[in-house]
Amino acid sequence: MTKNFLSALFLLAFCSVASAGAIEVITLIDITGERDTALLIGTTEAQLKKFVPSGKLQNQIAAFLVKFEGQEILFDAGLRDGHVVNELVKNGAAPEKIKFVVLTHLHGDHFGGLVTPEGKAAFPEAEIFIAKPEKIFWADEKKNEGVLEALSIYEGRVKLFDFGDEILPGVKAIDTTGHTPGHTSFLIESSGEKFLILGDIIHFVDIQLPVPEVAVTYDTDPVKAVQSRKFILDYAAQKEIPVAGMHIKGSGILKIKKSGEGYENF
Ligand SMILES: [Zn+2]
C-alpha cells in the first residue's frame with residue numbers, strides 16, 4: 001500500500017513537470033523487481049563491485065502513455081493481465097479509448113498486457129504498431145506462440161512499419177535491433193520538443209549506463225544490442241533529448257550525458 005501510494009505521489013509529481021512542455025509522458029509501472037548479475041554478459045568483477053555492490057540488479061517493467069498535439073499513444077503494454085490497464089485508469093486515461101499501441105518489440109513483458117484475463121483485447125479500439133522484422137521473427141517464424149495468440153485478437157488492426165517510417169504524426173521509428181531482430185526506439189517531435197522512447201536499450205541502468213558494453217543473456221544478438229545502445233544513447237546525449245526506457249527503475253526517464261567511456265544521468 002505504502003509503495004503504491006509513493007509511486008502515485010511520484011507519478012503525480014512527474015506529470016506536473018512533464019505537462020509543462022509540448023510532450024507529456026506518463027510512466028505506467030507494471031511491476032518492480034530484482035535480478036541476478038548472472039544475467040549479464042561482458043562485465044568484469046571490478047565493474048560489478050563498483051556499480052552493483054549489492055550483487056542485485058534493480059529494474060522494473062513499465063509502459064508509457066505519451067500525449068502531444070491531441071494524440072494519446074501507448075508505448076508497450078506491459079507483462080501481466082490488467083496491470084497497465086489499471087495504471088492507465090489511475091492516471092485518468094480510458095483503455096477503451098486508446099487508439100494507438102506502439103510496441104518496441106515482441107517479448108512477453110511488452111505485449112502481454114494487450115490481452116485481458118478473459119482472453120479479449122485490452123484495448124478494443126486500438127491499432128497495434130510493430131516493426132516488420134519483429135513480426136516476421138516471432139509470429140511468421142513461430143518463435144513464440146503467445147505472440148500469435150495476442151496478434152490474432154487484434155487481427156486486421158496490426159500495422160507493420162519499416163525503420164525510418166513516420167508511423168504516426170510526429171513519431172519516427174528508429175532501428176535499434178539487437179535485443180531482438182526488430183527492436184525499435186521511437187523519436188517523438190512536437191512543437192520543437194523531442195523525446196525518445198528507448199524500449200529495451202537499457203535493462204539494468206546501474207551498470208549499462210556507465211558501461212554500455214554490458215549485454216544481457218536474453219539479447220538475441222548481444223553484439224548488435226551493444227552497438228544499438230551506444231548509437232541511440234550517443235544520439236540522445238548529443239541532441240540533449242530526454243529518454244524513457246521500459247526497464248529503467250523509478251520514473252523510467254533519464255536525461256543523459258557522456259561520462260568517461262559511458263553515460264550518466266543528470
Ligand atoms: Zn523487456
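Predicted model: local features only at pLDDT ≥ 70, side-chain atom pairs only at ≥ 80, totals over all residues.
## Confidence and ground rules

Averaged over the chain, pLDDT (the predictor's confidence in each residue, from 0 to 100) comes out at 92, and 92% of the residues score at least 70. Numbering starts from 1 along each chain as its sequence is written.

## Overall build

The chain holds 8 helices and 16 strands. Both are DSSP runs numbered from the N terminus: H or I over at least four residues for helices, E over at least two for strands.

On dimensions, a compact globule of 266 residues would have a radius of gyration near 18 Å, and the chain's 17 Å agrees with that. The radius is taken over C-alpha atoms, and the globule rule is 2.2 Å times the number of residues to the power 0.38. The C-alpha trace spans about 50 × 45 × 40 Å along its principal axes.

Of the 266 residues, 43% count as buried. That label takes 20 or more other C-beta atoms within 10 Å of the residue's own, while 12 or fewer makes it exposed and anything in between partly exposed, with C-beta atoms placed from the backbone. Among contacts with a separation of 6 or more, 68% link residues 24 or more positions apart.

## The mixed sheet

Six strands, in the order β1-β3-β4-β5-β6-β7, form an open sheet with mixed pairing. At the edges sit β1 (24–36) and β7 (158–161), each pairing on one side only. Going from one strand to the next, the twist averages 25 degrees. Two strands pair if DSSP finds at least two bridges between them.

β3 (residues 56–68) runs antiparallel to β4 (residues 71–75), over 5 bridges. Here L65 has L74 as its bridge partner, and V66 stands opposite I73. The two strands make a hairpin with 2 residues between them, and E69 in the turn has a positive phi of about 45 degrees. β4 also pairs with β5 (residues 100–102), in the parallel sense over 3 bridges, with L74 opposite V101.

## Helices on the sheet

β4, α3 and β5 make a right-handed β-α-β unit: with the strands pointing away from the viewer, the path from the first strand over the helix to the second runs clockwise. Helix α3 (residues 83–90) lies across β1 and β3, at about 140 degrees to β1. Axes are lines fitted to C-alpha atoms, for helices over the stretch in contact, and angles run from 0 to 180 degrees between N-to-C directions. H83, V84, V85, E87 and L88 are buried in α3, and the helix's buried residues pack against β1 and β3. After α3 comes G92, with a positive phi near 85 degrees.

Helix α5 (residues 132–140) lies across β6 (127–131) and β7, at about 90 degrees to β6.

## A look at V147

Where is V147 found? It is in helix α6 (residues 145–153). V147 counts as buried because it has 23 C-beta neighbours inside 10 Å. Leaving aside neighbours within four places in sequence, V147 is in contact with L106, F111, W138 and A139.

Terms used:
Contact = placed C-beta atoms within 7 Å.
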